[in-house]
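Please read its numbered points beside the sequence and the model shown here.

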Amino acid sequence: MGAEKHTFSTYAQPDIEFVRGEGVRLYDNRGNEYLDLTAGIAVNALGHANPELVAALTEQAGKLWHTSNLFPVQGQEKVARLLCEHTFADRVFFTNSGAEALECSIKTARRYHYNRGDTDRINILTFEGAFHGRTLATIAAGAQPKYLEGFGPKAPGFISLPFGDEDALNAAIDENTAAILIEPIQGEGGIREVPNQMLRDLRQLCDRHGILLIYDEVQTGIGRTGKLFAHEWAGENGEAAPDIMAVAKGLGGGFPVGACLARQEVADALTAGTHGTTFGGNPLAMAVAARVLEIVTADGFLEAVNQKGLLLKQMLAEIVDRYPRLVSEVRGKGLLLGLKAIVPNTDIIAAFREQKLLAVGAGDNVVRFAPPLTITPDELREAREKMIAALDGMAQAAPAT
Ligand SMILES: *Cc1c(COP(=O)(O)O)cnc(C)c1O
């Protein structure tokens, strides 16, 4: 009762309690209405309380919730087929989260080499600024000191390289390199895009050295950047295709679910008994994920995401022109966009929140926007008005330099 908390203090949260959502809007317990350009960090891809997802979930909830993977789970085959039909992949392993999808990706890559007798081939090359989750292996992969400190020895076999530095990458490759792990666009790292040419180069480099290419598309996947997966921007005929890919966030539209996708030969590395999960891919998650994929891959959906992404990007570019002392640059693709801030990004996010607009911070002092992919142009224009009201207030308060 009262003000006493019983949850861990892991999150520094504003005192707002949301009790209801509808589309791009959230409502708190005091009756305030917010425009949500965070979508639960790129998760509510189809908006809050999407009627089609509510129907898919409630229909399944009345039938069967859970059996574990002791038995084939209804829906897994359908979702896996949809994912494979639209990607490089032949096989899918379902998880509950992004970090678990990464764990599966890392284990698959190492086991693939192990099965071929390359037992020392365990090293995963990663990039500074990366974020792959909060488990012990994924904080080692992310290599951010602030996430590693105090949690014991860093898990071995992860080598972090300067972002975008192909020379450093070439120099780091040796006979113990198992895989290269990369986000096509760093999300938490500050909406930092890997150039398309580099993704194509990575594919060739991996082929040349027998290394596996792993993409972390946990944040960038499921239509977020205007393609089903962000690496498709670097070529739709496999020029930049990975061997393994981790997916989560948008996949369940708000229902927790992740997936590790792989080519047949690579997926075959994990034989019966080598990996598993109690909850992963349960019937509720599969019912929702199937619907999400059907909607996102329907004719015209991604075209609309691209059009709205261009509109938001144009609005943000105008904001950069208008407030050169507050923000300096627009980044990103589709509906995963960032404003590089000059003042602390947290000040801008707080000022937006005063205007009942929600955005989320990212590394490199960036204000990140990841609205529901279903946001309308009118709702984007409404967001623009709120941004201008917030930034006008900040520009007036800021001392002239
Ligand atoms: C969010 C995120 C993760 C971790 O996902 P969780 O579901 O929080 O475990 C991993 N990689 C990227 C790129 C992410 O954005």
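**Notes on buried residues and helix packing**

1. Ala39 counts as buried, because its relative accessibility is 0%; the term buried means under 20% relative accessible area, exposed means over 50%, and partly exposed lies in between (1.4 Å probe, protein chains only). Ala39 is placed in helix α1, residues 39-42. Although Ala39 is not a glycine, its phi is positive, at about 50 degrees.

2. On the basis of the note: this is a predicted model, in which local features need pLDDT of at least 70 and side-chain atom pairs count only at pLDDT 80 or more, while totals for chains, interfaces and linings use all residues. Residues are numbered from 1 along each chain as its sequence is written, and side-chain values use heavy atoms, with hydrogens and water left out. Helices (H or I, at least four residues) and strands (E, at least two) are DSSP runs, numbered from the N terminus.

3. Ile222 also deserves attention for its backbone. Ile222 is not a glycine, yet has a positive phi of about 60 degrees. Its place is in the loop between β10 (212-216) and β11 (244-247). Ile222 is buried, with a relative accessible area of 1%.

4. Where does Thr126 lie? Thr126 belongs to strand β5, which covers residues 123-127, and is buried at a relative accessible area of 0%. Its side chain reaches the backbone oxygen of Ala141 at 3.0 Å. A polar contact is a pair of N or O atoms within 3.5 Å; within protein, one must be able to donate a hydrogen and the other to accept it, and residues adjacent in sequence count only if both atoms are side-chain atoms. Residues up to four places away in sequence not counted, Thr126 touches Ala141, Ile159, Ser160, Leu161 and Leu181, where contact means heavy atoms within 4.5 Å.

5. Asn345 is found in helix α12. With a relative accessibility of 11%, Asn345 counts as buried. A polar atom of the Asn345 side chain lies 3.0 Å from the backbone oxygen of Val366. Neighbours within four places in sequence aside, Asn345 is in contact with Gly361, Ala362, Asn365, Val366 and Val367.

6. The remaining points concern pairs of helices. Two packed helices are described by the angle between their axes and the distance between the axes. Axes are lines fitted to C-alpha atoms, for helices over the stretch in contact, and angles run from 0 to 180 degrees between N-to-C directions. Angles under 35 degrees count as roughly parallel, over 145 as roughly antiparallel, 65 to 115 as roughly perpendicular and the rest as oblique.

7. How do the axes of α12 and α13 cross, and at what angle? The axes of helix α12 (residues 345-354) and helix α13 (residues 377-397) come within 8 Å and cross at roughly 125 degrees, and the two helices are therefore oblique to each other. The crossing of α12 past α13 is right-handed; a crossing is left-handed if the near helix is turned anticlockwise from the far one by less than a right angle, and right-handed if clockwise. On the α12 side the contact is made by Asp347, Ile348, Ala351 and Phe352, and on the α13 side by Met387, Ala390, Leu391 and Met394. These residues divide into seven nonpolar, no polar and one charged. In this scheme Ala, Val, Leu, Ile, Met, Phe, Trp, Tyr, Cys and Pro count as nonpolar, Asp, Glu, Lys and Arg as charged, and the others, Gly among them, as polar.

8. Helix α3 (residues 76-85) packs with helix α10 (residues 283-296) at an angle of about 30 degrees, their axes being 9 Å apart. The pair is therefore roughly parallel, and α3 passes α10 in a left-handed crossing. Gln76, Lys78, Val79, Leu82 and Leu83 of α3 make the contact with Met286, Ala289, Ala290, Leu293 and Glu294 of α10. By class, the residues are seven nonpolar, one polar and two charged.

9. Helix α10 also packs with α2, at an angle of about 150 degrees and with the axes 9 Å apart. That makes α2 roughly antiparallel to α10. The crossing of this pair is right-handed. From α2, Glu52, Leu53, Ala56, Leu57, Gln60 and Ala61 meet Pro283, Leu284, Ala287, Val288, Arg291, Val292 and Ile295 in α10. The contact has 10 nonpolar, one polar and two charged residues.

10. Ala61 is found in helix α2, residues 51-61, and counts as partly exposed at 32% relative accessibility. The C-alpha atoms of Ala61 and Pro283 are separated by 8.6 Å, with the two residues 222 apart along the chain.
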